[in-house]
Amino acid sequence: MDAIKVSGVSKSFGDVEALKKVVLSIPQGGIYALLGPNGAGKTTLIKIMTTLLKPDSGSVKVGGLDVVSQAVQVRKIIGFAGQFAAIDDHLTGRENLEMVGRLYHLGRRKARLRADEILRQLDLAGAADRTGRTYSGGMRRRLDLGASFITSPSILFLDEPTTGLDPRGRADLWDVIRELVVGGTTLLLTTQNLEEAEELAKQIAIIDRGRLIAEGTASELKERIGGSILEFRVQSGEQLERARDATRDLFSGNQAIDPQLGRISGSVASSTDALAQLVRRLDASGINIADIHLRRPTLNEVFLALTGRESE
Ligand SMILES: Nc1ncnc2c1ncn2[C@@H]1O[C@H](COP(=O)(O)OP(=O)(O)O)[C@@H](O)[C@H]1O
Ligand SMILES: [Mg+2]
């Protein structure tokens with residue numbers, strides 16, 4: 001059985017079609033990423049999965065339970081951390097977690113034990129008795145994350161857990177997130193960050209303007225745009241335009257040009273042919289190559305190929 005099954009879900013807010021017939025199967029265990037730019041519909045989908053919002057049409061099953069007709073049971077097996085941390089600034093880190101535990105009827109002793117356990121797990125034990133107000137952005141996110149799994153849910157939803165964090169805070173949170181699934185938890189996270197999806201998730205779904213546009217592992221998604229990326233740099237900036245014109249027809253799509261680095265790249269269908277041709281063409285035009293290589297496309301390039309737009 002899938003951990004989450006989304007069948008033809010649509011949702012509109014007035015004129016805005018936030019989700020259009022989204023179909024998705026999320027397997028049990030491990031991390032699954034829902035990747036998409038701002039406004040793609042990620043939060044809307046996660047709110048439907050977590051029973052906070054009802055779909056206009058279609059259905060969602062979480063742990064085999066229907067999110068509309070069995071919402072109460074669904075809430076018992078899931079945890080959810082929203083896009084904006086919901087911690088009380090006046091309470092200490094430990095008090096925040098204890099309060100959430102009590103809300104879930106854990107009982108005073110159990111809530112206390114669980115709070116301490118989670119504080120250790122999140123590397124927040126040293127700050128347990130400080131009020132939320134004194135926490136850094138990264139610490140607040142970690143505490144909020146801790147609150148979402150206080151009941152040890154089997155399915156955990158995290159909506160943009162690292163947005164707004166600096167690289168250090170992001171890396172710390174990645175470590176925590178990875179550890180969470182070691183025990184078999186299914187974790188669904190949303191992100192606008194390609195690197196994050198690639199770094200954490202086994203499976204990635206790309207959502208854009210309410211539509212699911214691609215699904216697969218990072219390498220499967222890369223496969224979808226086919227071929228390789230041929231990338232080269234010219235030795236001087238004034239040669240860039242000539243190099244672009246001389247090589248335009250070797251690429252299967254548009255060339256990406258980086259004037260600062262003097263670099264041109266693009267996907268090629270037959271990589272070795274294109275490489276040989278490129279060298280010949282540039283040589284004939286008297287253009288000096290500083291650097292040339294073939295590589296697999298990045299997810300950002302996959303996104304561009306799939307949507308015609310940059311991801312950020
Ligand atoms: N409560 C709401 N009322 C009106 N429009 C909304 C509401 N919630 C979301 N939207 C719109 O639905 C679209 C998807 O939003 P959202 O799911 O928040 O995207 P994401 O989380 O991917 O940034 C956006 O165009 C957003 O403006
Ligand atoms: Mg959102």
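Which element gives the most to the shell around ligand 1? It is helix α1, with 3 residues; helices (H or I, at least four residues) and strands (E, at least two) are DSSP runs numbered from the N terminus.

Two remarks on conventions. This is a predicted model: local features need pLDDT of at least 70, side-chain atom pairs count only at pLDDT 80 or more, and totals for chains, interfaces and linings use all residues. Residues are numbered from 1 along each chain as its sequence is written, while chains are lettered from A and ligands numbered from 1 in the order in which they are written.

Ligand 1 has around it, among others, F13, V16, N38, K42 and T43, where near is defined as a C-beta atom, placed from the backbone, within 6 Å. Both β2 (16-26) and α1 (42-49) supply at least two residues of this shell.

I turn to the sheet. It is open, with 6 strands in the order β6-β7-β8-β3-β9-β10 and mixed pairing; strands pair if DSSP finds at least two bridges between them. β6 (78-81) and β10 (211-216) stand at the edges with a single partner strand each, so one side of each has no neighbour in the sheet. Strands β7 (residues 155-159) and β8 (residues 186-191) pair in the parallel sense over 5 bridges. L158 has L189 in β8 as its bridge partner.

Finally, the crossing of helices α3 and α4 is right-handed, that is, the near helix is turned clockwise from the far one by less than a right angle.
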